[in-house]
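Dear colleague,

Please find below the structure that I am handing over to you. My findings follow it, arranged by topic.

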Amino acid sequence: MLSSASRLRALYLNVGGGGAIAGLTQAGFDAQLAVEPDRHAAATLRRVGLPAVRHEDLSTCPTNLFAPGALDLLYGRNTQGPLGAGDHVPVLLEHVDAQRPRAFVLETDASVFDDRHKDYRDMVRGSLDGLGYPTTHWTVYDARDYGAPSPWCAAFLVALRDEQASFERPLPTPEALTPSTLSSVLDTSMRSRFRGHVGARGERACQRWRERAETSSVPRLVDVLDADEAEDVPYPDEVKAWRACGINILGLADDVKNAQASLLGPDGPYLTVEQAALLRGFPEGYPFEGSSRTVYRQILHSTAPAVARALGRAVAEALERAEESAPGIELFPLSPTPEPTSAKSSALGRYDLVRAKARGDRKDYRLDRLPMEEGGQAQVFRAVHKETDTEVAFKRRSSKRETAVARMRREIEVSHLLGQQTHYMPILDSSPQDGWLVMPMAQATAEGRHDDLRDPASLRGLVEALMDVLEIAHTHDWLHRDVKPSNILLLDGQWTLADWGIVRRPRGQTTKAGRTRFEIGTEGFAAPELFVAAHEATPAADIYGIGRVIAWALTGKYPQTNVQLLPDPGPWRNITRVATHADPKRRPQSVEELRELINRELTEPADLPTDRAKRLWEEARAGDPAAVTPLLELIADHPEDYELYLHTLMGLSAEQAGPWLSLNPQGRDRLLKAMAEHAYSQGARRVQLGEAARVVIWLHALAEFSAAKDDWDLLDEAVRAMCTWDAAWDQWNAQGQIESWLRSLSGKSAQLVAAVLRDYPRSARHFSDLARDGTVDLWIRQAIREAAGTP
């Protein structure tokens, strides 16, 4: 790792959610700016703390972002096919020409090396040669060569400005010598998921998963989230490989409301997006932005950090070896384009350039004559930022009282903490002295979208947004104290919390003690303690506000002060009741506790095993083969359940149960061992003679099935369970069928069954007549003679 004094400067164009930047930062490159077309990826980069702006069309992005020669590295990614409509290479080459970095790295899809793209490769090399950047290296990298768990390949071109600089491809890392298994990467997180949601049953299910995963290499991550299982699924080989190691790649656990359902499906658990990030090689807890599916796709389209790290170190070493070092060159981030043809064409995202050009000058904005909104403290106008022609909301203080001035200052101050949080309404420009600030123009308020919020899924999205932004504020001891529908604004499809004017600073940072003496907040939504001692409030006050917003959304009624308001019976009712308790100490004390309460209430209660087994058995009886696997897994997971074994399992034929028992040795062992134990366990006292006969007949049918299939392991275990029950209950009806079958055995089947009969002499003696029958296989006769004590 380079020292801070010798770290290198990099510009990133179209790099996605940060895999390349994460790896190159570890290699010694500091991001000066990242320009990203995708809004979710740009938000992720900002959430990580990187200087990132969104620019939807790279072809209009100004190329003079930095002074020529100021950059050590320009890293660009071409996410479209060669010479396609979205080919970014021509734009990237313009940036190379204008900014003259010491090194240029181009990432493309590995398919660029297909024979049909030879002319394209020659064109790129020729263009770089003409710019004074001879291509020293262009080849395909596999992330597994550098310690990444899952396969990922891309082609990387390296071109250096200094002809004397020599680039050497990084060698595979020592970690690559021992490829990761799926269990080695996900064991901790998977155990936590199972243990946290399905208890002891989860421990058994987790053990089954580990047995499959600990010998499985990590398959390639693919996007099959929208695949219809009834039709041809894309990437069939990858889907099959994931299923073989106990993972269902056709969905995401984050999308499944019932955590238990996301873990105990017939094809194994779904991955969480956090687990997918670990498999790509991202550090644990990497803060992606967006919905679960958006995040998963960011991960899929991100560069593997391990490759970027190895490549970056090799580039850094090449630059160190170069004679030219370009010291002392001044850096000019976001320098304006000279005489742009239009302000919009050079805007770095709809609001990013407004923020970049902010200078606290009221003359930069053209306001409507009348305000859109007017309150006791301020007016809000629709306005236009003149230089970029961007529509914004201009908030102007209307009161000159000391309280109003202090509130606007606090609102601006908290923006320094929360400005990069997706669910915070950002401040783009301000002048606290003159009493105004500028925000993006929201599309709607929660009040205006009330009908949408009656839908539980939409409501939960709003509540999650409030919890996300307040959790950060509370971590730093800031309280909003005015959570209500009119302060919840929709910006670019994301709910944001605005109007932080009565925010309480962290304790010890109050500028004037006693200023907040009286009631504060909005009646009906404000917590009772805010009307008594607002400055002494805790995060429970904001949690109360969230609860009142939930009640308003689901009932359509505005709450009244100190009057309980609860929605109709359902999971949200108890959430609201607990969150809006009059006593703040009896509410959740943190956003984390509120989130746990919501997750607990919105998670559907798990079915009793017998109830779920009954439904699955009815589906199997109706001819649905997909019901058999989860039914047998359910039975194997509950070895203690007498009803499942002596009633439900007996309802499946050997032809239905046999294939699963053949293909799942661990499940087979557990199921047949439990079946044998029920013959002698405490529960066996409830066994009726008719039930015992039915069990023996069922096990005999399973033995016949396995013998016909030459499945020796299943045959051995089925006969042992059969003999256990036969020895315990001595059922004549069943023995008649077994005796006929024993007469028919020969070869390997006879040898195997004879060995079992020798281990179970009490059962073998029930077939003593066969010892004297010369038509019976000699191995069978000998075993029965030994059991009967006859020579």
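**Confidence and overall composition**

The model is predicted, and the mean pLDDT of the protein chain is 85, with 88% of the residues scoring at least 70. Over residues 324-348, however, the pLDDT is below 50, and this stretch has 55 contacts in the model beyond near neighbours in sequence. Among the elements of the chain, the highest mean pLDDT, 96, belongs to helix 15 (residues 539-555), and the lowest, 76, to helix 7 (residues 259-263).

The secondary structure of the chain consists of 28 helices and 16 strands. Of its 791 residues, 52% count as buried. Among contacts between residues at least 6 apart in sequence, 66% join residues at least 24 apart.

Seven strands make up an open sheet in the order 3-2-1-4-5-7-6, and the pairing is mixed. Strand 3 (52-54) and strand 6 (135-142) are at the edges; each has a single partner strand, so one side of each is left without a neighbour in the sheet. From one strand to the next, the twist averages 15°.

Within this sheet, strand 5 (residues 103-108) and strand 7 (residues 153-160) run antiparallel and are joined by six bridges. One of the pairs across these strands is Val105 with its bridge partner Val158 in strand 7.

Two helices deserve mention alongside the sheet. Helix 1 lies across strand 1, strand 2 and strand 4, and runs at about 165° to strand 2. Helix 2 packs on the sheet as well, where it touches strand 2 and strand 3; its direction makes about 160° with that of strand 3.

Why can helix 1 be described as largely enclosed by the rest of the structure? Six of the eight residues of this helix (residues 19-26) are buried, and therefore it is largely enclosed. The buried residues are Gly19, Ala20, Ile21, Ala22, Gly23 and Leu24. After helix 1 comes Gly28, which has a positive phi, near 110°.

Two bridges connect strand 14 with strand 15 (residues 488-491) in the antiparallel sense. Opposite Ala444 stands Leu490 of strand 15.

**A helix pair**

Two packed helices are described by the angle between their axes and the distance between the axes. For helix 19 (residues 628-637) and helix 22 (residues 665-677), the axes come within 8 Å and cross at roughly 55°. Helix 19 is therefore oblique to helix 22. The crossing of helix 19 and helix 22 is left-handed. At their contact, Leu632, Ile635, Ala636 and Asp637 of helix 19 meet Gly667, Arg670 and Leu671 of helix 22.

With kind regards

Conventions. Residues are numbered from 1 along each chain as its sequence is written. This is a predicted model: local features need pLDDT of at least 70, side-chain atom pairs count only at pLDDT 80 or more; totals for chains, interfaces and linings use all residues. Side-chain values use heavy atoms; hydrogens and water are left out. Buried means under 20% relative accessible area, exposed over 50%, partly exposed in between (1.4 Å probe, protein chains only). Helices (H or I, at least four residues) and strands (E, at least two) are DSSP runs, numbered from the N terminus. Two strands pair if DSSP finds at least two bridges between them. Axes are lines fitted to C-alpha atoms, for helices over the stretch in contact, and angles run from 0 to 180 degrees between N-to-C directions. Contact means heavy atoms within 4.5 Å. pLDDT is the predictor's confidence in each residue, from 0 to 100. Angles under 35 degrees count as roughly parallel, over 145 as roughly antiparallel, 65 to 115 as roughly perpendicular and the rest as oblique. A crossing is left-handed if the near helix is turned anticlockwise from the far one by less than a right angle, and right-handed if clockwise.
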